[in-house]
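Try each task before reading its solution.

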Amino acid sequence: MATKTWIVFFSQTGAEIADLAESLGRWPDRIYTNERPEHLRTIDKRIESQGYFTLPNKPTLEDYEEFLVYFPESVITLHGWLRVMPPEICDKFNIFNGHPGLITSYPELKGKDPQIRAFEGIKSGKYDHAGAVIHKVVAGVDEGKVLMHEKFNTFGVELDDLFRILRDRSLFMWHNLLKGIL
């Protein structure tokens, strides 16, 4: 059985990618990150051992097209990729994003760092549950169709717990999505 080319992008540590690859028993075919000073992050050792490619800090359409043209039927996943994909790339490729904010219930959690905003909403009594989604990537930030979501009760949840639970729920969804399409 042929498998699809799997391309991943990350801007932070890449740990989620490494955990997901181990869960699936398959590493991505290509791993990309953006330039960042070393003092701002540490890349997971498992990603370093697999190898990765570095794009400019703010990639242009041409930067993406330079290599994606060779992978037209690929599945692309974003794992903390803190860059907006150009509309032309979104239209040409099958791209999915994991988002640690339950935007199906709280659309105001779209964008960067939803975990902090969700935690603040939990503590203020505005939110009684939290969760994560995987959505199709379109030109707007976190605007694509939500394909999967996981939610949970937030009673007694502290910030570290919230981060851990969101990560675990995200990995569960990624595993289930990717085992069906790769």
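**Exercise 1.** Decide whether A15 is buried or exposed.

*Solution.* Start with the cut-offs: buried means under 20% relative accessible area, exposed over 50%, and partly exposed in between (1.4 Å probe, protein chains only). A15 has a relative accessible area of 17%, so A15 is buried. Helices (H or I, at least four residues) and strands (E, at least two) are DSSP runs, numbered from the N terminus. Then list the partners. Contact means heavy atoms within 4.5 Å. Beyond its neighbours within four places in sequence, A15 is in contact with D44, R46 and R167.

This is a predicted model: local features need pLDDT of at least 70, side-chain atom pairs count only at pLDDT 80 or more, and totals for chains, interfaces and linings use all residues. Residues are numbered from 1 along each chain as its sequence is written, and side-chain values use heavy atoms, with hydrogens and water left out.

**Exercise 2.** Find which residues of helix α5 (residues 114–124) are buried, and on which side of α5 they lie.

*Solution.* List the buried residues first: P114, Q115, A118, F119, G121 and I122. They cover an arc of only 160° around the axis, which puts them on the same side of α5. The arc is that of the directions from the helix axis to the C-beta atoms. Now look for the cover: it includes β5 (94–99), β6 (129–136) and α6 (159–181). Finally, step past the helix: just after α5, G125 takes a positive phi of about 90°.
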